[in-house]
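Me: I have just opened this entry for the first time. Could you walk me through it?
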Amino acid sequence: MTPLIRPLVHDLHAYVPGEQPKIKGLIKLNTNENPYPPSSRVLAAVKAAVDGRLRLYPNPTAQALREKLAKLHGCAPDNILVGNGSDEVLALAVRGFVEPNSKLKIKNSKPAKATVQYFTPSYSLYPVLADIHGAAKNAVPLKPDFSLPSVAELKRGKIWNFAAALTFVTTPNAPSGRGYKTTELEILCRAQKGVVILDEAYVDFANENALKLALKYPHVLVARTFSKAYSLCFQRVGYFVGHVELIAALDKIRDSYNVNGLGQIAATATLDDLKYYRANFKKIITTREWLNRELTRLGFRVLPSQTNFILAKPPLFPAKDWLQKLRDRKILVRWFSAPEVRDFLRITIGTPAEAAALGKAVRGILG
Ligand SMILES: Cc1ncc(COP(=O)(O)O)c(C=O)c1O
């Protein structure tokens, strides 16, 4: 190992994004992208902005976008921090709220101020963000049906840290798709002393959202993204809603121009055409419920989902073999090796035609 690289970086297990295949004609149900394109108004706004202005820096505070988001969420622009995808704002939170372990010179290997806490399974980026920062990780299992343990259960379990500097809750959960009630999230938030991030990347496909908690409690942030429900992965725009003090702190440490100009324009135009996107949520939910019934009929155990993907345990062969068998039939889904989910496939909800193609491929595999 070259001494030029920090040991922490040398030893780091980097985040592994889902495959973006080069092969043409694959049905891509592996990264929870939206099967429908951005609205025509969004495409027109982006195209109209591609001119000599590309030489200029974009608005450093994403002002127009934050103003529109504030109106949408019934808060002030100062309650909103926009980032290069929600991944960036999640990373900023670790840098802004958590002490690197090494700085604390305390014998205890998991001091609260240096602890990033999350449930397992959930978004696999959280432990990587903690590792990059040199923070301690506290990974606590969800219940076997992927529901949240109650505060009483967490207290009894003695692993959960109610003083952790930062706690991530993916709601609805990924990769299980399970939705959580705002009332149960509120009880958990009230019990935490540190910052709680409710990561609502998939919330537009769910029965309820917990945005009001970010506006009610000074230590709660809600993370949202334009990637999933708003067909804008390519542009990388996500944001936090929360108390002005937390938002202002993160605003100090972000890059000056963290949200690119075309991304700002695309996201702002998206908010002018919400009707189009809401119709898409409905279509995706309808396809999700169809696929759930179809795969169940074919022998899969499909978990109820409040997202744009389902987690399904396939029959006959191990899930990892199904991954390859489906790929051989030009269908890409996702498989995770983590013990709680290794028997399952995570399948993004595509168009009705893509769902039908998946059903056909499954019937072919089952013979
Ligand atoms: C739970 C969760 N949060 C955040 C993200 C990141 O989204 P973005 O594209 O906004 O960075 C993802 C993406 O897969 C996700 O699954």
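This is a predicted model: local features need pLDDT of at least 70, side-chain atom pairs count only at pLDDT 80 or more; totals for chains, interfaces and linings use all residues.

Me: Fine. How many strands form the sheet, and in what order?
Reply: The open sheet is formed by 7 strands, in the order 2-8-7-6-5-3-4, with mixed pairing.

Me: Which strands stand at the edges?
Reply: Those are strand 2 (80-84) and strand 4 (136-141). Each has a single partner strand, so one side of each is left without a neighbour in the sheet. From one strand to the next, the twist averages 20 degrees.

Me: And strands 6 and 7, how many bridges join them?
Reply: Strand 6 (residues 195-199) and strand 7 (residues 220-225) run parallel and are joined by 4 bridges. Leu-198 has Val-222 of strand 7 opposite it.

Me: What does helix 3 touch?
Reply: Helix 3 (residues 63-73) packs on the sheet and touches strand 2, strand 7 and strand 8 (237-241). The direction of helix 3 makes about 125 degrees with that of strand 2.

Me: Changing topic: which residues surround the ligand?
Reply: Among them are Gly-85, Ser-86, Asp-87, Tyr-123, Thr-170, Asp-199, Tyr-202, Thr-225, Ser-227 and Arg-236.

Me: Where do polar side-chain atoms of Ser-227 and Arg-236 lie?
Reply: One of Ser-227 is 2.6 Å from an oxygen atom of the ligand, and one of Arg-236 is 2.7 Å from a ligand oxygen atom. For Asp-87, a polar backbone atom is 3.0 Å from an oxygen atom of the ligand.

Me: How much of the ligand's accessible area does the protein cover?
Reply: On its own the ligand has 400 Å² of accessible area, and the protein covers 92% of that.

Terms used: Residues are numbered from 1 along each chain as its sequence is written. Side-chain values use heavy atoms; hydrogens and water are left out. Two strands pair if DSSP finds at least two bridges between them. Helices (H or I, at least four residues) and strands (E, at least two) are DSSP runs, numbered from the N terminus. Axes are lines fitted to C-alpha atoms, for helices over the stretch in contact, and angles run from 0 to 180 degrees between N-to-C directions. Contact means heavy atoms within 4.5 Å. A residue is near a molecule or strand if one of its heavy atoms lies within 4 Å of it. A polar contact is a pair of N or O atoms within 3.5 Å; within protein, one must be able to donate a hydrogen and the other to accept it, and residues adjacent in sequence count only if both atoms are side-chain atoms. Accessible areas come from the Shrake-Rupley method with a 1.4 Å probe; for residues, only the protein chains shown count as cover.
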